Amino acid sequence: MSIVESKQHFLAYVQRNHFPQSKTAVLERHYQTIKREMERNGTWRRDARFLDVGCGLGLYTEYWQSRGLKVTGVDIDPDQISLARNRAEVKDLNIRYETAAAECLPFEEQAFDIVFANSILEHVTHWERCLGEWIRILAPGGLLWIETTNVLCPRQGEFRWCPLYSWWPSFMKQIAVNLALGPLPSLANYSPCPAQHWFSYFQLRAVLEAENLSVRDRFDCMDLARAGIAKRIVRTLAVSSGLGRRLAYLLVSPLVILAVSPPVRESGMIVDEHNRALDHVGSGL
């Protein structure tokens, strides 16, 4: 299959399988979680400046705009951005779209109150640079949402026909990536950038806390009023201890982290050379 054919399959797959109607309830829960966490820190604004990193066709981006947020979408794929802009024009939606890589964004420092990165970090080449860039554009007291692969949970949706893929050794994962980029693009759902990285909560927390961000995860932020008995039990296990959280992450995927920027930050606090300092942080559990 040629690159062009693979790209066409990918666009068709995304449009066919990722309609916002089927995801409205999930996005609404995300919105309420973000709102609740920012209210907890006294930084919530109904018209918050919101960046959707890796927005693709803009299907989710349109939901965020419908909630009154000042929304910008960015994606590395110009074809998807073109389609997203066309959708916004037809629907007369006030959404700004830009074409750019997640690790090199065309925005000023502290430009956004919310940076939403859903299923992005695992696909980029330099994930540490991405984190540094997202922190750079985050306003004081702003919230960074990261949703990514969970190395502890055996269930995953990145690769088809690969049971327990999260636990595979690196060389086997690389074989799967090479197959997805070559003769078997359907293996990674026709993604032009198959998932390369698998993370633990403890790994990402160490990196973010080194940048002076306050870090909470899906268990810390759970709405107990809406949680069933099973979720409450897993949550109790997760917050009991470090070992308990590891055990809880065996059961739940993906990894969701909400990191809050310090209320006061000096301009230029996050700089490119500091990204290189992140390299010393280990990738183990």
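What follows is a chat about the sheet and the aromatic rings of a predicted model.

Biologist: Before we start, what are the ground rules here?
Modeller: It's a predicted model, so to speak: local features need pLDDT of at least 70, side-chain atom pairs count only at pLDDT 80 or more, and totals for chains, interfaces and linings use all residues. Residues are numbered from 1 along each chain as its sequence is written, and side-chain values use heavy atoms, with hydrogens and water left out.

Biologist: Okay, what's the strand order in the open sheet?
Modeller: β3-β2-β1-β4-β5-β7-β6, seven strands with mixed pairing. Strands are DSSP runs of E, at least two residues, numbered from the N terminus, and two of them pair if DSSP finds at least two bridges between them.

Biologist: Which ones are the edge strands?
Modeller: β3 (96-99) and β6 (214-217), each pairing on one side only.

Biologist: And in what sense do β1 and β2 pair?
Modeller: Parallel, over five bridges, with β1 at residues 49-53 and β2 at 70-75. V53 stands opposite V74 in β2.

Biologist: Switching to rings, how many aromatic pairs are there?
Modeller: The structure holds 14. Rings of Phe, Tyr and Trp (its six-membered ring) pair if their centres lie within 6.5 Å; planes under 30 degrees apart count as stacked, over 60 as edge-to-face, the rest as tilted.

Biologist: Why is the Y63 and W64 pair edge-to-face?
Modeller: Their ring centres are 5.3 Å apart and the planes sit at 75°, so that's the label the pair gets.

Biologist: Which residues form the aromatic cluster?
Modeller: F50, Y63, W64, F116 and W145.

Note on methods: Helix = DSSP H or I, 4+ residues; strand = E, 2+ residues; numbered from the N terminus.
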